[in-house]
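Please open the structure in a viewer and keep the selection tool at hand.

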Protein chains: 2
Amino acid sequence: MPKRVVILGAGYAGLVTALELRKNATPEDTEVILVNKHNYHQLVTQLHELGAGAKSDTSARIMIEPVIRNKYITLIKDHVESIDPKEKRVRLSQQELSYDYLVVALGSETEYFGIPGLKEHSFILKSINQARLLRTHIERCFAEYHYTRDESLLTFVVGGAGFSGIELVGEFADRMPVLCEENNIPLDKVKLFNVEAAPSILPGFDKELVERAEKSLTERGVKFLVGVPIVQVEPGKVHLKNGDVIATQTLVWTGGVRGNQIVIDAGFETEPRGRAKVNEYLQALGYEDVYIIGDSCFIINEETGRPYPPTAQIAGQMGTAVGKYLFADLRGGTKEPFKPQIMGSIASLGRKDAIAKIGKNYQATGRFAYIVKDMSKLRYLAKIGAVIKKA
Amino acid sequence: MPKRVVILGAGYAGLVTALELRKNATPEDTEVILVNKHNYHQLVTQLHELGAGAKSDTSARIMIEPVIRNKYITLIKDHVESIDPKEKRVRLSQQELSYDYLVVALGSETEYFGIPGLKEHSFILKSINQARLLRTHIERCFAEYHYTRDESLLTFVVGGAGFSGIELVGEFADRMPVLCEENNIPLDKVKLFNVEAAPSILPGFDKELVERAEKSLTERGVKFLVGVPIVQVEPGKVHLKNGDVIATQTLVWTGGVRGNQIVIDAGFETEPRGRAKVNEYLQALGYEDVYIIGDSCFIINEETGRPYPPTAQIAGQMGTAVGKYLFADLRGGTKEPFKPQIMGSIASLGRKDAIAKIGKNYQATGRFAYIVKDMSKLRYLAKIGAVIKKA
């Protein structure tokens, strides 16, 4: 009788887990069920390109079926409602599933820090559908400006200057001249703000790269408001702690992530931001049959004493590791504790520029760094066996 | 010393006037100044295609400069503010112009019949910019539906079932399946209404063609509410006289046209809907040096005793006539009274169907009629010498 492995979420972590497990486990050993709310895998690291309108929705959508075809992986397209780890059951909106082993890879949610009005009156960029809403909203703002001449329609605010915020504002900076030309509006009517509560943009990057990014973006019209928290949001208005009010119809919030509510509700041990605590094998504390990976968990970098940031890079590595751990669980065998290999981080700054930290000692900027970023996406697509279509 | 002819508006009537006049009048006779608020000529008969998103904005935009190149026509890109026919002067927003002869071809405006909220909460389709606003709004409605599941986002109401209303609702009917597929929304969530106060759709068409149009559109999901006036519009709600309320985020008003306010303010004699009264040579009553043509004027069909509807076909014929009249004014010569030649009328019903009345006795439907409509557009473009680009 094969053991049933249920994997919740077909993001970077979940999809790689399923594929890695199937490299070794046969259908006689194991039944693999992958649960995802869409029938496609989303390249969430590319959503800033979609949200700004630089690329089409299909460029970030990998259909799952061709990737898992002939691999004995069952895809269930459904929403996860709750997990009962004591009963070893998962409730979906259309059915219930029991499991022998569970992999929770449900990603993260947005943290709004209780800022009044922020959730209600901001866009976020965690799915293709949200990116499409942002893109169509911006195009409508440009079209509407012809009639009302309301300058708040051409004022765009990105909240948060971490990785996601910087990449988005970079895309915006490159997209605005195109939208202005299409709509016959002078570029100097557009205002582009990046608001960050922390004292600097891009925490974790070296000072030199941060300055390089700031210069590149400032030259293309981005105005940085750093060390200035957002304190309240109303329709059409963003209130800052320094008393300033920005009149805008478009606030995109990239300023916070927290764990998945389903993980918290299931009773797994979590840190204050709701990400699950896991052991060195990425198992939920107290549950050897449950792995929690990707943005849903948190692990500490022993060198710095601080948690690793939630990235696609680490999520994919966790997927590979858990694919192997599960095979050891099923067949017996030893497990190596998980240790992320940080190859580097690359933040794109629009269509032609990027900053990259490669390994511990190297850095790169400009067109070269941008190409490296594109290559890392292609490398990932090749790894999961996704056909590469031209966007 | 050449005489100065000022033409206000480079729509069908104004542009054809300038080109026709220049077939005969030399720069020594005549200075020709064409005033238009854009540097492009708009194919307003195609705007329903743009508004629904079936074709790109550029397909309805003919740049004026290449059309008038080497023809000694001066294009002034400016808004007309007022006309003083006694002083023979025109005030633009950036300058004033005096004239020897004036051609007023400023088109029509939308008639809202004093229905409360209609102007404030509806879209209209009289320019490319307005079509773009409608298109981007609809795309945003689909994107937003993913989050709110608010059915009013997928409910579309076209007010008016005349020519423009029917053509638009036909485009909508063909566009909705595409938008549904792109957004992964079942087509049966979309509601498409055409609301008309008069007892029938398409006044002026034969009963047989009207029934054919109704059938074609009903089969593609259009719901007709005929004989039901709109009595009030609020944000998100259209109130009908029968007490029904349609919850919608998208009302497009095509139900009324009236003359141009600038013509009224200049003191020209007008009929109650503000269209200028003109003599048999299309001259403003009491002003032999002013021609008022296109949708800005009205002329009576002596056979029926009713005014001709404002159409591109008649506007173009008026342009040709006035080009000749002006040459007669400048050089001397006889003028023939203006008499429109109604070749027929064709209403498209989406991307593949149309109904056509050709001459007095012929009618056509289906794909053939649609092709005739497309040909009449190409014929017009060839006539004005516009380069035909693939849309």
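**First stop: a strand residue in chain A**

Select Phe193(A), which lies in strand E12 (residues 191-196) of chain A; helices (H or I, at least four residues) and strands (E, at least two) are DSSP runs, numbered from the N terminus. The model is predicted: local features need pLDDT of at least 70, side-chain atom pairs count only at pLDDT 80 or more, and totals for chains, interfaces and linings use all residues. Residues are numbered from 1 along each chain as its sequence is written, chains are lettered from A and ligands numbered from 1 in the order in which they are written, and side-chain values use heavy atoms, with hydrogens and water left out.

Phe193(A) counts as buried because its relative accessibility is 11%; buried means under 20% relative accessible area, exposed over 50%, and partly exposed in between (1.4 Å probe, protein chains only). Which residues is Phe193(A) in contact with, leaving aside its neighbours within four places in sequence? They are Thr155(A), Phe156(A), Val157(A), Val158(A), Val169(A), Lys223(A), Leu225(A) and Ile246(A), where contact means heavy atoms within 4.5 Å.

**Second stop: aromatic rings**

Over all chains, the structure holds 14 aromatic pairs. Rings of Phe, Tyr and Trp (its six-membered ring) pair if their centres lie within 6.5 Å; planes under 30 degrees apart count as stacked, over 60 as edge-to-face and the rest as tilted. Select Phe113(A) and Trp253(A), an edge-to-face pair with 6.4 Å from centre to centre and 85 degrees between the planes. This pair links distant parts of the chain, 140 residues apart: Phe113(A) is in the loop between strand E10 (109-110) and helix H4 (128-148) of chain A, and Trp253(A) is in strand E17 (residues 250-253) of chain A. Phe113(A) is partly exposed, at a relative accessible area of 42%, whereas Trp253(A) is buried, at 9% relative accessibility.

Next, select Tyr291(A) and Tyr325(A), whose rings form a stacked pair, 6.1 Å centre to centre with 25 degrees between the planes. Tyr291(A) belongs to strand E20 (residues 290-292) of chain A and Tyr325(A) to helix H8 (residues 312-331) of chain A, so the pair ties together parts that are 34 residues apart in sequence. Both Tyr291(A) and Tyr325(A) are buried.

Then display Phe142(A), Phe156(A) and Phe172(A), which ring pairs link into a cluster.

Select Lys335(A) together with Tyr281(A): Lys335(A) lies over the face of Tyr281(A), at 5.7 Å from the ring centre. A charge sits over a ring if NZ of Lys or CZ of Arg is within 6 Å of the ring centre and within 35 degrees of the ring normal. In chain B, Lys335(B) lies over the face of Tyr281(B), at 5.8 Å from the ring centre.

Return to chain A and select helix H1 (residues 12-24) with H8(A). These helices pack at an angle of about 35 degrees, with their axes 7 Å apart; axes are lines fitted to C-alpha atoms, for helices over the stretch in contact, and angles run from 0 to 180 degrees between N-to-C directions. Residues that make the contact include Val16(A) and Leu21(A) of H1(A), and Gly319(A) and Phe327(A) of H8(A).

Select Phe113(B), in the loop between strand E10 (109-110) and helix H4 (128-148) of chain B. Its phi is near 55 degrees, a positive value in a residue other than glycine. Phe113(B) is partly exposed, with a relative accessible area of 40%.

Move to Leu282(B), in the loop between strand E19 (276-277) and strand E20 (290-292) of chain B. Phi of Leu282(B) is also positive, near 70 degrees, and Leu282(B) counts as buried, at 1% relative accessibility.

Finally, select Tyr101(B) in strand E9 (residues 101-104) of chain B. Is Tyr101(B) buried or exposed? At 16% relative accessibility, Tyr101(B) is buried. The C-alpha atoms of Tyr101(B) and Tyr291(B) are separated by 8.0 Å, while the residues are 190 apart along the chain. Beyond its neighbours within four places in sequence, Tyr101(B) is in contact with residues including Arg4(B), Asp289(B) and Leu330(B).
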